[in-house]
Amino acid sequence: MNEKTLIKGKIHYVGVNDRQKRLFEGMWPLPNGVSYNSYLIDDDIVALVDTVDACYFEAYLRKIRAILGDRPVQYLIINHMEPDHSGSIRLIKQQYPDMVIVGNKQTFGMIEGFYGVTGDRYEVKEGDFLSLGRHCLRFYLTPMVHWPETMMTFDETEGVLFAGDAFGCFGTLDGGFLDTRIDLDKYWEEMTRYYSNIVGKYGNPVQKALAKLNGLPIQAVCSTHGPVWTENIPRVAGIYDRLSRYEAEEGVVIAYGSMYGHTEQMAEAIASELSAQGIRHIVMHNVSKSHPSYILKDIFKYRGLIIGSPTYCNHIYPEVEALLDKILLREVKNRYLGLFGSFCWAGAAVKRMGELTEKGKFEPVGDPVEMKQAMTPLAQERCEQLAQAMADRLKKDRH
Ligand code: FEO
């Protein structure tokens, strides 16, 4: 059994897989499911790091008991209070009533508020230390990665970082959990989608956390979602670093709404010209079909963004406006922005998109294009000019 759960030293993986939930946080599709990771340090003093979604408590408890038998858990370390990780606090406390909960000042109010759990607690501050026997733990406060109470726990004995949501990704763990023993292909794109959707707003706090971790002798990263990272730590840290700086590759996302295909024809004209101009990475999303989580993922990946909308009730097409809302919420920076749209009898969408995106930190590129009713040679030409302006701007960054 130990071989199946052991990570390093006396640290075990006791997380669970969720293959049932369709939408994470009620919003984000989970085609490959998601894991809720928890870790057990079976030292002289036994500590559990985070818990799992309450729906999986029975399986979770079985995993813990398979390692501990009748021995109790003495500490429960709570790095993050979002209920996908804190959901089993009340249930595990019922099993181990003498267990002391470890958290920071922000943690305990949330535990009481969500679960009505009070009692023995150990409140830690930045840099505080806890010895379990062989394993020595140090605590680092990393607020807003992803909630205000978020902290990380570093096992100085084994060089293992319990990172909370940081370095996490969507996707269940199908058999193994160590990056060296599983096929990682499905996780890389899902890491970008996870970051951009869940943590994407908090680029600055993520940068602060990365700076704090810089220099620690980290041998393994135990996130709350996805594989345990060992050999791939530089790649994973690089992805989180780039995404939280809002850095992006050369490429263009064209996201558009279209009721009868006219705005879509503009999108096609723009894409075709971008390609003719030598832009290789072009991703087109019809907002009525692509889930916004995938559009956001691509917007975090690529530097160019061109948004198209028909005028609808004298406004932006609602699905496009909802996407713009999500982009602005995440304070996406360092993107070149082009706008286009169509209308039947009175244009409004392009103007309103311009007003809305002024609130963001985008660099406008080219002249916005607005087309009446259907494609004309002039509209085609103006779409191509917009594409050329975008391609020129992207190519400037090559040097
Ligand atoms: Fe996976 Fe912010 O919780």
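This is a predicted model: local features need pLDDT of at least 70, side-chain atom pairs count only at pLDDT 80 or more; totals for chains, interfaces and linings use all residues.
View 1. The pocket holds about 350 Å³ of space, and of the 17 residues that line the pocket, M259, P310, T311, F343 and C344 are the closest to its centre. Strand β20 gives the most to this lining, with 3 residues. Sorted by class, the lining of the largest pocket consists of 9 nonpolar and 8 polar residues, with no charged residue among them.

**View 2. The second largest pocket, with a lining to which α6, α8 and α10 each give two or more residues.** About 260 Å³ of space lies in this pocket, and its lining is made up of W188, E189, T192, R235, I239, R242, L243, E247, A248, E249, F300 and K301. Helix α8 (233-244) provides the largest share of that lining, namely 4 residues, while α6 (185-199) and α10 are the other elements that give two or more. By class, the lining of the second largest pocket divides into 5 nonpolar, 1 polar and 6 charged residues.

**View 3. Helix α10, residues 292-301, largely enclosed by the rest of the structure.** Because 8 of the 10 residues of this helix are buried, α10 is largely enclosed by the rest of the structure. The buried residues are S293, I295, L296, K297, D298, I299, F300 and K301.

**View 4. Strand β16, residues 220-223, between its partners β15 and β17.** Along β16, A220 and C222 point one way whereas V221 and S223 point the other way, and all of them are buried. Strand β15 (residues 160-164) runs parallel to β16 and is joined to β16 by 4 bridges, with G164 standing opposite S223. Strand β17 (residues 228-229) runs antiparallel to β16, and 2 bridges join this pair, in which C222 stands opposite V228. The strands β16 and β17 form a hairpin with 4 residues between them, and in the turn G226 has a positive phi of about 90°.

**View 5. The largest cavity, of about 50 Å³.** The structure holds 1 cavity of 30 Å³ or more, and the residues that line the largest cavity are I101, F108, I111, V117, T118, G119, D120 and R121. What classes of residue make up this lining? The lining of the largest cavity has 4 nonpolar, 2 polar and 2 charged residues.

**View 6. T5, a residue of helix α1.** Helix α1 covers residues 2-5, and T5 has its place there. Is T5 buried or exposed? With a relative accessible area of 6%, T5 is buried, since buried means under 20% relative accessible area. Leaving aside residues up to four places away in sequence, T5 touches I11, H12, Y13, I67 and F177.

Definitions and conventions: Residues are numbered from 1 along each chain as its sequence is written. Side-chain values use heavy atoms; hydrogens and water are left out. Buried means under 20% relative accessible area, exposed over 50%, partly exposed in between (1.4 Å probe, protein chains only). Two strands pair if DSSP finds at least two bridges between them. On a 1 Å grid over the protein atoms alone, a cavity is a set of points where a 1.4 Å probe fits but cannot get out, and a pocket is an open set with protein on both sides within 12 Å along at least five of seven lines; lining residues have an atom within 4 Å of a point. Grid points are joined across faces, edges and corners, and a volume is the space filled by probe spheres set on the points. Ala, Val, Leu, Ile, Met, Phe, Trp, Tyr, Cys and Pro count as nonpolar, Asp, Glu, Lys and Arg as charged, and the others, Gly among them, as polar. Contact means heavy atoms within 4.5 Å.
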